[in-house]
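I open this notebook to record what I looked up in the structure below. The entries go from helix packing to the sheet and then to the overall shape.

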Amino acid sequence: MSKLVVLNLGQGDLHKGFADVTVQLGLSSDSRAMEFRGSLPAAPEISQLYRNWQILYSALYRNYGWSVRLEIEDADVTNVSEVEFHDLCEQLSFKINAWLNSDQFRFLDQKLRTQLNPHEEIRFIIATCDKLLRRLPWHLWSFFDDYPNAEVALSSLELQRPNKIYNKNNKINILAIFGNSQGIDISKDKYFLEKLSTKAKISFLIEPERKRLSNELWKTNWNILFFAGHSYSRETGVLQINQTTTITLDRLKHTLKKAIENGLRLAIFNSCDGLGLAEALEDLHIPQVIVMREPVPDVVAQEFLKHFLTGFSSGQPLYSALREARKRLEAIEDEYPCATWLPIICQNPLEPPMTWQLHRKMITPKSVLTILLTSLLVTTLIMGVRYLGYLQTSELQAFDHFMQLRSQLVIEKPDPRLLIITIDEADISYQLDKSMQMRWSLSNQALAQLLEKLDKYQPTTIGLDIYRDGNIDPKYPNLANRFEQDNRLFFVCKVATTDEDGNSEGIRPPSGVSSERISFSDLVEDEDNIARRQLLHLTPPIESKCSAEYAFSLQLALDYLDKQGKTSDVTPEGYLQIGDVVFKQLKRHTNGYQKVDASGYQILLNYRSLSSVEKIAEQVALRDILNEKIPSESVELLKNRIILIGLSAPTNTTDFWKTPFSGTAKPSHKQIPGVFVQAQMVSQILSAVLDRRPLLWWWSRWVEVIWVFVWSLIGGIITWSFLKPLHLGLAVIVALFTLFITCFSIFTVAGWVPFIPSVLTLLGTQIAVISWIKRKHFIENRRQLNLEL
């Protein structure tokens, strides 16, 4: 963390002195900032010494024939010696230090030193508009010997933050302009920039026309502007952008202002005499400019650029990278005197120094901890909300969508072990036409005939999914005998319940039937009236007319499986086991079910994937069997099956149910007769035991928490990794699509894993991390703007 020192010299000059000098430790907008006031005496000899230095510097470079990035003007001095030049440098250094050690200024120097640590990074800014003061080699002040991690910069007196819209890019955008290079070598500058291609997006303009230069500056969000070629400063900075065109920066005023608004933060003029260029850009309130104070030899410019770009692009702070690059020029000062005097930063103190990672989030231990804690917090919140049941509706809807999609992509065959005899409106009319006495949808006469004709089918099990409470009409003694003696025949009753209309005592089973062949037909439905669960066992209320404890579907399946040599048992955990297949019981808090009555023994119903739920098995109409319209070869194919007899007519019954497919556009999926749901339940048990078709399974609560937490982490990592809204949006879409595909793929193998909670934690963590990043950037910017004390 760096500290900011601003030495404001006010409106004085070296001939009159400086009556109102202030030193600010931080900015005035920071409540922790400190300000000390003093003065500096006149020092006209420094002005004359510097002018002499410039003359000898120019003559020295001309005499030795060094290639510089500006044609040095002729001067009267010739044949200057290096010793003479060195002595002049010593005199200038001595005078500057004597001036800054004057009695008037010593108080400020001492106050400043009491507040600074010699080992901390210090940005030391000289605020002045005096052109000569801006050219002085301020780094010669002995203060910087005592504070080796300090670097000096220049700023104007009139400060203003630029209007800016910083676009977040994954890479730094650099516009590199190579102007007129006649007589100088700028090829190495291009080489050093090209080495940054993996860290930055670089566009090169070689001796451009003014129109093209203006267009490029205007249309793209540049972060760094680089120039190499001929330049000089007089009343203002001048660039030679090609061999025929010389322009001042005020002729690009509006274009440069637009570039700064769009994110231009740093301009580097690796060319001669650039302070005039810096002043022009300071008027536009650019955050930072790096220039050369005086004419610069090719070798010095190249060496500086190489070291500066290496350090800065590797993550060094701007001031640190410049200080290191400048000091490394000391190695060539035997050949190029005063090389370390040339590079200088011109800084707007109201703006934080640019970093190469300005548009890149660095993964730090703190950021990793933040993502972990945020993910943990969001996961805890979402899973808590889920536990209270507030996500149940959306999770069950997602379950339905998975079930519907699976039926379109994974097509199963109807269950060949089942046969459904349906009784529709035509069958009811048929019975009436035959003058059969109707009390139910299936008369005693029709039922007696049906059971007699079914003998040729040699059914393994027969399930009558129609209530037949009371005694059998004495007119049909054979039917009564069949009810009592046919162990293949199973009946249903209805358990007492409490519904919207009040208490229901249920519906009793037919008389004379053994209790082993009586079962309840009750189904369980969710709040949206959809049957997603299968009830296998319950304990009826005492007042119930139906005392059956086992479900109709389970009784039929157990009877069939028993004849296949598959017996049932109960595991030590209390789970039903048939053969070696365990039917895992659904609890109150099971995956998407978090607020449900899980009384009795319930399992999830894994509907067979068919084009229609009603195609679970072959179907035959009642009248076709009574009229013996079934071909004999078909009768042979229908032997040894479980036969379910049920009503399919939409009238005279309330036994119609919604399924997970009821939300589809197909009218046939809206509601289906209960006999088809019973067939689905029977088929689920048979297929699990005989075909190894998986039952729907789910994870334990802690595994689900870990799963959701992982997706929460993924959301945080994505947010940290992608900065552009478009890239972040695409990444989120890819993540959500991946989550959906993963959950659906698991569902195709009968696994129901949390989808909605994972979506919520992924998005919730992203929102939380984005908020944290914005807050962090706000605090960092404020700290940098207010000295970072």
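Predicted model: local features only at pLDDT ≥ 70, side-chain atom pairs only at ≥ 80, totals over all residues.

I looked up how helix α13 (residues 392–409) packs on helix α22 (residues 725–748), and I find an angle of about 70° with the axes 10 Å apart. The two helices are therefore roughly perpendicular to each other. The crossing of α13 with α22 is right-handed. On the side of α13, I list Phe399, Phe402, Met403, Leu405, Arg406 and Leu409 in the contact; they meet Phe740, Cys743, Phe744, Phe747 and Thr748 of α22. By class, I record 9 nonpolar residues, 1 polar and 1 charged in the contact of α13 with α22.

What angle do α6 and α10 make where they pack? For α6 (residues 187–194) and α10 (residues 298–313) I read about 5°, with the axes 9 Å apart. This makes α6 roughly parallel to α10. Lys188, Asp189, Phe192 and Leu193 of α6 form the contact with Gln302, Leu305, Lys306 and Leu309 of α10. I record 4 nonpolar, 1 polar and 3 charged residues in the contact of α6 with α10.

I traced an open sheet of 11 strands with mixed pairing, in the order β3-β2-β1-β4-β5-β14-β13-β12-β8-β6-β7. Its edge strands, β3 (34–40) and β7 (200–206), each pair on one side only. From one strand to the next, the twist averages 20°. Within the sheet I examined β5 (residues 150–155) and β14 (residues 343–347), which pair in the parallel sense over 2 bridges. Ala153 stands opposite Ile345 in β14.

I find helix α3 (residues 103–115) lying across β1 (3–8), β2 (18–25), β3 and β4 (122–127), and α3 runs at about 155° to β3. Helix α7 (residues 210–219) also packs on the sheet, where I note that α7 touches β6 (172–178), β7 and β8 (224–228). The direction of α7 makes about 165° with that of β7.

I count 23 helices and 29 strands in the chain. The radius of gyration is 44 Å, well over the 28 Å given by the globule rule for 789 residues, so the chain is more spread out than a compact globule. Along the principal axes, I read a C-alpha trace spanning about 140 × 55 × 40 Å.

How values were computed
Residues numbered from 1 in each chain as written. Heavy atoms only, no water. Axes fitted to C-alpha atoms, helices over the stretch in contact; angles between N-to-C directions. Helix = DSSP H or I, 4+ residues; strand = E, 2+ residues; numbered from the N terminus. Parallel < 35°, antiparallel > 145°, perpendicular 65-115°, else oblique. Left-handed = near helix turned anticlockwise from the far one by under 90°. Contact = heavy atoms within 4.5 Å. Nonpolar A, V, L, I, M, F, W, Y, C, P; charged D, E, K, R; others polar. Pairing = 2+ DSSP bridges. Rg over C-alpha atoms; globule rule 2.2 N^0.38 Å.
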